[in-house]
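Keep the sequence and the model side by side as you read.

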Amino acid sequence: MHLQAFSPFPSSAGNVVFFVRHHLYKWKSHIRIGMDGKFVGGQFSPKKLRGGRRCFSRSIGGASISCSNSMGKDLYVPSNEKIINARLIYAVAPAMGHNQESHPESNFRVPAIVNALEKMELTPKIRGSEIIELHNIKPASVDDIVSVHARAYVSGLEKAMDQASQEGIIFIDGSGPTYATSTVAASKICLDPPVGFALIRPPGHHAIPKGPMGFCVFGNVAIAARYAQRVHGLKRVFIIDFDVHHGNGTNDAFYDDPDIFFLSTHQDGSYPGTGKVDEVGHGDGEGTTLNLPLPGGSGDIAMTTVFDEVIVPCAQRFKPDIILVSAGYDGHVLDPLASLQFTTGTYYTLASNIKQLAKDLCGGRCVFFLEGGYNLDSLSCSVADSFRAFLGERSLASEFDNPAILYDEPSTKVKQVIQRVKHIHSL
């Protein structure tokens with residue numbers, strides 16, 4: 001298992017994109033993590049690595065762990081001129097081999113987004129230096145992963161893969177899963193730095209320090225937060241999680257940490273059943289965890305109110321050095337796994353507002369990480385509209401959203417939970 005890093009800027013703080021890549025290559029029975037955190041089997045068709053990256057292999061207990069080679073002279077490093085012109089930096093890691101037939105967290109998710117971006121002309125091919133896609137990444141040590149996860153879990157995962165493999169090489173696709181820290185050190189050289197977006201799977205916010213959970217292997221955002229602190233001196237990290245499910249793994253990782261503020265909005269009563277309003281942190285970290293469970297049926301009005309009355313004042317009081325976002329698009333009204341009423345327009349507004357919040361509070365340092373989103377149409381259109389928000393362009397949500405399918409939001413219940421959270425956190 002390897003963490004991959006791409007360093008696009010010569011300056012210091014907050015200037016690296018990181019990818020955790022578990023390079024465990026081709027076999028007959030592919031490992032997958034189910035909602036219950038157990039390994040389950042599935043078929044795997046090996047895919048060529050993006051960008052033509054070569055791999056090497058080493059043997060671990062009779063199984064071969066295949067890892068991409070470290071990047072040398074061909075490492076793509078954008079110039080300061082390109083960074084100044086860029087509005088958005090993104091990277092793609094679809095984990096094509098990490099798949100199970102008919103599973104909602106399928107390997108169709110990221111390709112659907114990429115196809116939508118190409119169709120809607122939101123790629124560097126059309127936009128030039130306004131958008132940068134990162135291709136080259138280099139391995140980093142397992143020590144970065146164990147800054148969040150127990151070393152016993154990481155080594156145990158290798159052993160589980162070894163045991164599951166009857167012959168040949170074990171592989172969890174070389175294109176993911178991933179995590180990213182900051183692509184926005186450009187804040188040092190321009191007033192309107194680019195936003196970063198890691199288009200990755202599987203998601204990570206359910207993975208607890210001791211193991212996998214809920215489709216998630218490693219805590220992408222959590223590992224990124226620790227790396228930002230340790231390597232780039234970005235001590236105070238503000239994490240916004242708007243996935244429809246509570247990010248229990250991220251919650252647990254920083255529950256007693258006063259320097260990482262974790263704020264989650266999620267549907268009340270949804271998987272995994274955690275994230276109650278009275279879960280506020282422990283010890284030195286008391287007050288730096290905020291959970292806001294929204295009643296089913298909550299939509300655009302609810303989320304706009306939450307942002308204005310809860311997220312903004314929390315972030316202003318915390319004074320972050322960087323904002324990281326667990327961007328789950330499964331709160332969409334069309335998503336099959338929950339019953340909120342977010343729309344493509346909701347996600348456009350969130351993306352735009354969070355970008356502005358980062359600009360106001362931390363020099364524009366802001367990175368989004370894909371979490372959930374299981375209706376391919378609503379997922380891809382919502383991510384594309386988020387891209388438009390980052391670029392400062394108008395939303396095209398009206399071309400996709402259908403107001404006729406929406407119903408009245410539970411405004412009284414929403415107001416009650418917001419008021420309770422504001423009271424608990426003295427907002």
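C314 sits in helix α8, which spans residues 300-318 (helices are DSSP runs of H or I, at least four residues, strands are E runs of at least two, and both are numbered from the N terminus). This is a predicted model, so local features need a pLDDT of at least 70 and side-chain atom pairs count only at pLDDT 80 or more, while totals for chains, interfaces and linings use all residues. Residues are numbered from 1 along each chain as its sequence is written, and side-chain values use heavy atoms, with hydrogens and water left out.

Is C314 buried or exposed? With a relative accessibility of 1%, C314 counts as buried (buried is under 20% relative accessible area, exposed over 50%, and partly exposed in between, using a 1.4 Å probe and protein chains only). Leaving out residues up to four places away in sequence, C314 touches F238, F261, L263, L290 and L427, where a contact means heavy atoms within 4.5 Å. H425 is 111 residues from C314 in sequence, yet their C-alpha atoms are 8.6 Å apart.

L263 is buried, as its relative accessible area is 0%. Its contacts, again not counting residues up to four places away, are F238, I239, I240, D241, L290, V310, I311 and C314. L263 and L290 are 27 residues apart along the chain, with 4.7 Å between their C-alpha atoms.

What about the other cysteine, C381? C381 is buried too, at a relative accessible area of 15%. The structure holds 0 disulfides, taking a disulfide as a pair of cysteine sulfur atoms within 2.5 Å.

Now for the nonpolar interior. A nonpolar core here is a set of buried Ala, Val, Leu, Ile, Met, Phe, Trp, Tyr and Cys residues joined through side-chain atoms within 4.5 Å. The largest one has 87 residues, and F197, F238, F242, I323, L324, F368 and F387 touch the most other members. Helix α8 gives this core its largest share, 10 residues. Beyond its neighbours within four places in sequence, F387 is in contact with L88, Y90, L117, L122, F197 and L199. There's also a second, separate core of 6 residues, including A86, I89, I132 and L134.

Zooming out, the chain has 11 helices and 16 strands. Of its 427 residues, 60% count as buried. Among contacts between residues at least 6 apart in sequence, 77% join residues at least 24 apart.

How far can you trust all this? The average pLDDT (the predictor's confidence in each residue, from 0 to 100) is 78 for the chain, and 71% of the residues score at least 70. Over residues 1-77 the pLDDT is below 50, though this stretch has 281 contacts in the model beyond near neighbours in sequence. Residues 166-185 also stay under 50, and the model has 123 contacts for them beyond four places in sequence. Where pLDDT is low, the predicted coordinates should not be read in detail.
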